[in-house]
Amino acid sequence: MRPGTVVAFVLSLLIQVGFPLAAVLVARRRGPIRWKPFAYGALIYGVFQLLSWLPLSVFLDVVVGERLTSEGQAFAWLLAVAFGTALVEEGSRWVAFRWLFPRGGLRLTWLHGLGFGLGYAAVESMFLIAGLTFVYFLAYLALNGVGAPQALLTGDPALASDFAAELRAIANTGWTQPMIVAAERTMAVPHQVAWTLLVMESLISRQKRWFGFAVLYHSTVAVVVPGLARLAGFGIAELVNLGFCAVSIWLCSRLYRLSHDRDI
């Protein structure tokens, strides 16, 4: 067991939970923003992602994705899943702004969009990603703890199965992997807010192109980052993701100015 990896897992979990929670609390205090937009964002993510699209996408990946053998087919499947995810997420935001906000007495304002996006991102990071990281951490501790089969950890040819290889990969996890996940979660927050504000702008301005841009931008990030991770490694992929993060922050700022100019 590597002490550095254990520390990295703990730090990663703290960041995955602490960063979105801190963002919510700061926005709530300095906005000021009511709790309702945050709650709506959390609710929409839970209904449209955790309880519907995510289980379906996992099922489809097992049934279809794992049977694809060529690189071309795998890339086409990545495109399809990325577009489907973007369409479901942006569609769920549209439903919230079109039906849920009016019934909750909320106006379509930049601050309410910010609260919704942060609530959406917080649930994704704090419950889904941090939850999976915690399970992975427990598996790492178990495989490197008392009674872990040495043949499994050293790659005994007699245990040359896919399952054994996956267990060895978990047991040999380095400190960089959990920290990359933490960095990715940190950069995902501006993405979620930017996509939220783009969808909201499509309703405010009554111009569908904003919704289409949100789907296109979401799909691009969902294809380019994991694609580069496979081809060039996680380091290059997350550097590019950092560039996308800067674009998302710029979009949030640009939409804020647009909203401010509209209110004058």
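A search of the whole structure, a predicted model, finds 4 salt bridges, a salt bridge being a side-chain nitrogen of Lys or Arg within 4 Å of a carboxyl oxygen of Asp or Glu. Local features require pLDDT of at least 70 and side-chain atom pairs count only at pLDDT 80 or more, whereas totals for chains, interfaces and linings use all residues. Residues are numbered from 1 along each chain as its sequence is written, and side-chain values use heavy atoms, with hydrogens and water left out.

Glu89, Glu90 and Arg93 are linked in a network of salt bridges. Within it, the side chains of Arg93 and Glu90 meet at 2.9 Å, N to O. Both residues lie in helix H3, 3 residues apart, about one turn of the helix; helices are DSSP runs (H or I, at least four residues) numbered from the N terminus. Arg93 counts as buried at 0% relative accessibility, and Glu90 is likewise buried, with a relative accessible area of 0%. Here buried denotes under 20% relative accessible area, exposed over 50%, and partly exposed in between (1.4 Å probe, protein chains only).

A further salt bridge joins the side chains of Arg185 and Glu124 (3.1 Å, N to O). This pair links distant parts of the chain, with Arg185 in helix H7 and Glu124 in helix H4, 61 residues apart. Arg185 is buried at 9% and Glu124 is buried at 10%. The side chain of Arg185 also meets that of Glu184 in a salt bridge of 2.8 Å, N to O; Glu184, at 24% relative accessibility, is partly exposed.

Helix H4 also contains Thr133, which is buried with a relative accessible area of 8%. A polar contact of 3.2 Å joins the side chains of Thr133 and Gln16 (a pair of N or O atoms within 3.5 Å; within protein, one must be able to donate a hydrogen and the other to accept it, and residues adjacent in sequence count only if both atoms are side-chain atoms). Beyond its neighbours within four places in sequence, Thr133 is in contact (heavy atoms within 4.5 Å) with residues including Phe9, Ser12 and Val181.

The buried residues of helix H2 include Phe38, Ile44 and Trp53, and their cover includes helices H1, H3 and H4.

The mean pLDDT of the chain (the predictor's confidence in each residue, from 0 to 100) is 90, and 92% of its residues reach 70 or more. Confidence is lowest in helix H5, at a mean of 54, and highest in helix H7, at 96.

How values were computed: Helices (H or I, at least four residues) and strands (E, at least two) are DSSP runs, numbered from the N terminus.
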